[in-house]
Amino acid sequence: MTKQQELVDRDYAVNWHPYTQMKTANNIIPIVRGQGSYIFDANGKQYIDAVSSWWVTLHGHAHPYIAKKLSEQVTTLEQVIFAGFTHQPAIELSERLLALLPESQTKAFYTDNGSTAIEVALKMALQADYNKGGNKHKVIAFKNGYHGDTFGAMSVSGRGIWTDPFGEMLFEVLFIDTPTEDNLAQTKAFIDMYASEMICFIYEPLVQGAGGMLMHKAEHLSALMKHCKEREILLIQDEIFVGFGRTGKLFAVDHLTETPDVMCFSKGLTGGTLPLGMTTCTEEIYQAFYTEDKTKALFHGHSFTASPLACTAALASMDLLLEQNTQDNITRIASKHKAFINQLKQHTKVLDARQCGTIFAMEWKTSEHTSYFSDMHDILYPFFLERGVLMRPLGNIMYLVPPYCTSDEDLDYIYSCILEALSMM
């Protein structure tokens, strides 16, 4: 038995993998090492990590600078309760992140991941109104959205196969289409019908990741945000996927003319090194909790809230992100994607190819409706793995979210594999 097969057998004996039907899963690959934009399996095979290991690994795997900072921190302070205590990494990370955001963002709340960052954002919005004696309770969100897998996050995500088992246990949400020039007036009119009851609008800006890398324009989203603001509907902006350079700018908010009340961060926050979530908010929201009345506190916390190690990794990742070399790489990758999209425009098997910064998506023209459960995934996923590319198609939608260190040569190789797939299937 090879080392690879031994690890696979041991894994199946004890582990239950995410978003996986274990009965039919037959392609688990043990990974033993990562370096830069590559991961290596137990047989020594190299794969280009074209999806940044679920969109988190900004600077590549096992980055020596992040590792050095973590090594220094782990022998100094590895963990401390964040209720009643604080520490330098958490203070500095909040200071530095807030300095990069719209000036209206003044406070940061730490959690463990993207889903919990969303939970906190929703609780902030709902309890802020409650603390002020209000009775708003309706939430509005985009169709096809995805904000996480905890119950609050599921409630504000698009309803379907993923959420069907939980049915009536999810709270009521009003869903709208992403804004376009054609539907903007109608969407505004729909919001006006419920505006007096509406507490907040939660949305993925510019790109709906898990929904199929669906994209909408900044000017249309800005107009919708402005309309909500004028009706005192709080804006919760989910930057979990699109933050930290993915859209070509530091944050999606940098493309917009309006600013949100609450912002959520995770994924690339630590450069993919450790789990961490952050939720930031305006002073007005913070002040709704700031009172002598202890019952009006935000009752939320996690054992590893503001982990000193995770905060240290995030600070190191931020150092790297703000380097000119990284910013040049983001621009370079975006330019490569754009050139490849132009190459695909006339291809008969391509229904659509689109891009936002370093995010590339291509929709394969099929007879069936685009679906996460499309059989195309079962064909395309192993096709790319065989060629040493980790790409995780969303049904018949192929997408790239590469680490910023990915070379032009590796991008060209990935593009050539896509063209090969189009010619063969």
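Reader: In which sense do strand E7 (residues 198-203) and strand E10 (residues 234-238) pair?

Author: This is a predicted model. In it, four bridges join E7 to E10. The sense of the E7 and E10 pairing is parallel.

Reader: Which strands are the edge strands of the open sheet of seven strands?

Author: The order of this sheet is E4-E12-E11-E10-E7-E5-E6, and its pairing is mixed. Neighbouring strands in the sheet are turned by 20° against each other on average, direction ignored. An edge strand pairs on one side only, and that holds for strand E4 (105-111) and strand E6 (174-176).

Reader: What angle does the direction of helix H7 (residues 184-194) make with that of E6?

Author: Helix H7 packs on the sheet. The strands that H7 touches are strand E5 (138-142), E6 and E7. Relative to the direction of E6, the direction of H7 makes about 165°.

Reader: Are the rings of Phe-201 and Tyr-203 stacked, edge-to-face or tilted?

Author: The structure holds 17 aromatic pairs. For Phe-201 and Tyr-203, the ring centres are 4.7 Å apart and the planes stand at 35°. Both residues are buried, Phe-201 with a relative accessible area of 0% and Tyr-203 at 0% relative accessibility. Planes under 30 degrees apart would count as stacked and those over 60 as edge-to-face, so this pair is tilted.

Reader: Is Phe-265 buried or exposed?

Author: Phe-265 lies in strand E11. Its contacts, leaving out residues up to four places away in sequence, include Leu-97, Leu-101, Ala-117, Phe-244 and Phe-251. The C-alpha atom of Phe-265 is separated by 6.3 Å from that of Thr-279, 14 residues apart along the chain. With a relative accessible area of 0%, Phe-265 is buried.

Reader: What is the phi of Phe-244, and where does this residue lie?

Author: Most residues other than glycine have a negative phi. Phe-244 has a positive value instead. The residue is buried, with a relative accessible area of 3%, and its place is in the loop between E10 and strand E11 (262-265). The phi of Phe-244 is near 65°.

Reader: Is Asn-144 buried, partly exposed or exposed?

Author: Asn-144 is not a glycine, yet it has a positive phi of about 65°. It is found in the loop between E5 and helix H6 (151-155). Its relative accessibility is 48%, so Asn-144 counts as partly exposed.

Reader: How many of the residues of strand E14 (residues 359-364) are buried?

Author: Ile-359, Ala-361 and Glu-363 point one way from E14, while Phe-360, Met-362 and Trp-364 point the other way. Residues on both sides are buried. E14 is therefore largely enclosed by the rest of the structure, and the number of buried residues is six of the six.

Reader: Which residue takes a positive phi in the hairpin of E13 and E14?

Author: Strand E13 (residues 350-356) pairs with E14 in the antiparallel sense over six bridges, and Cys-356 stands opposite Ile-359. The hairpin has two residues between the strands. The residue with a positive phi, near 65°, is Gly-357.

Reader: Which residue in E16 stands opposite Phe-360?

Author: E14 also pairs with strand E16 (residues 397-400). That pairing is antiparallel and has four bridges. Opposite Phe-360 stands Leu-400.

Reader: What is the bridge partner of Ile-48 in E15?

Author: An open sheet of four strands has the order E1-E2-E3-E15, with mixed pairing. Its edge strands are strand E1 (31-35) and strand E15 (389-390). Strand E3 (residues 46-49) and E15 run parallel and are joined by two bridges. In E15, the partner of Ile-48 is Val-389.

Reader: With which side chain does the side chain of His-61 make a polar contact?

Author: His-61 lies in the loop between helix H2 (52-55) and helix H3 (64-74). It is buried, with a relative accessible area of 15%. Among the residues it touches are Gly-34, Tyr-38, Ile-39 and Ser-53. The polar contact, at 2.7 Å, is with the side chain of Asp-49.

Key: Residues numbered from 1 in each chain as written. Predicted model: local features only at pLDDT ≥ 70, side-chain atom pairs only at ≥ 80, totals over all residues. Heavy atoms only, no water. Buried < 20%, exposed > 50% of the residue type's maximum accessible area, 1.4 Å probe, protein only. Polar contact = N/O pair within 3.5 Å; in protein donor to acceptor, adjacent residues only side chain to side chain. Contact = heavy atoms within 4.5 Å. Phe/Tyr/Trp six-rings, centres within 6.5 Å; stacked < 30°, edge-to-face > 60°. Pairing = 2+ DSSP bridges. Axes fitted to C-alpha atoms, helices over the stretch in contact; angles between N-to-C directions.
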